[in-house]
Amino acid sequence: MKGALLALVVVAVAACSTSVVLPLQPGPVIPNGAHSIDVTFRGAGAYGCGVAPSIVAGPSLEDVKIPVIQRCRSQCITPGLACWAQLPDQPDDFYFAVYTVNECARPVRELAAVRGSTLYFIHFIGKPAGVCDAALMQPAYRLFTSTRSVLPASGKVTVELQVEDVNTGTSTYDAEANLG
């Protein structure tokens, strides 16, 4: 009896341990010829600004802040403050704000890459992992910076937001910035 009970427990543990193994999900894909770069998250900004996704970019914080405030009527995460008002403008930084939906029940991975005069921000969305309350999915702008040294010294730069969704494929959204 004890042997049969022990065998049943071993089988149950083995069945449970194999049922929780999840397949690895794919991840963001860097465009051919591009190399990944570091970007810094500077904070959440305006929300409820229309349909996501979107991107705004520029060589100064004002180049990003003003269009975001105009689109969103200053509906920022921190009440009473204009979007990113507490941040100083850094001349060695390049700024971009992405407007994406909060994928609360789906894994999200993000990375940035550069090739020539194009900076890519890749927002990868995996398969659903649970149920999400639709109120939590409200889009918001998020501000990022990269160092200007990864970009050409002058001319136009394209910043491309790539939304890679395992369910619907890849969509791209562009913003242009003039580096002078």
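Modeller: Let's start with a term: a residue counts as buried when its relative accessible area is under 20%. Keep in mind that this is a predicted model.

Colleague: Happy to. Are Cys-49 and Cys-72 buried or exposed?

Modeller: Both Cys-49 and Cys-72 are buried.

Colleague: What is the general idea of a disulfide?

Modeller: A disulfide is a covalent bond between the sulfur atoms of two cysteines. Here, a search of the whole structure turns up one disulfide. Cys-49 and Cys-72 form a disulfide, with their sulfur atoms 1.8 Å apart. Cys-49 sits in the loop between β2 and β3 while Cys-72 belongs to helix α2, so the pair ties together parts that are 23 residues apart in sequence.

Colleague: Why is the disulfide of Cys-49 and Cys-72 called right-handed?

Modeller: Look at the torsion about the S-S bond: for Cys-49 and Cys-72 the value is about 120°, so the disulfide is right-handed.

Colleague: Now the sheet. In what order do the four strands lie?

Modeller: Two strands pair if at least two bridges are found between them. In this model, the order is β2-β7-β4-β3, in an open sheet with antiparallel pairing. β2 (40-47) and β3 (54-58) are at the edges with a single partner strand each, so one side of each has no neighbour in the sheet. From one strand to the next, the twist averages 20°.

Colleague: How many bridges join β4 to β7?

Modeller: Eight bridges link β4 (residues 93-100) with β7 (residues 140-147), and the two run antiparallel. To follow one of the pairings, take Tyr-99: its bridge partner in β7 is Tyr-141.

Colleague: And which strands does helix α2 lie across?

Modeller: Helix α2 (residues 61-72) lies across β2, β3, β4 and β7, and runs at about 145° to β3.

How values were computed
Residues numbered from 1 in each chain as written. Predicted model: local features only at pLDDT ≥ 70, side-chain atom pairs only at ≥ 80, totals over all residues. Heavy atoms only, no water. Axes fitted to C-alpha atoms, helices over the stretch in contact; angles between N-to-C directions. Contact = heavy atoms within 4.5 Å. Disulfide = S-S within 2.5 Å. Buried < 20%, exposed > 50% of the residue type's maximum accessible area, 1.4 Å probe, protein only.
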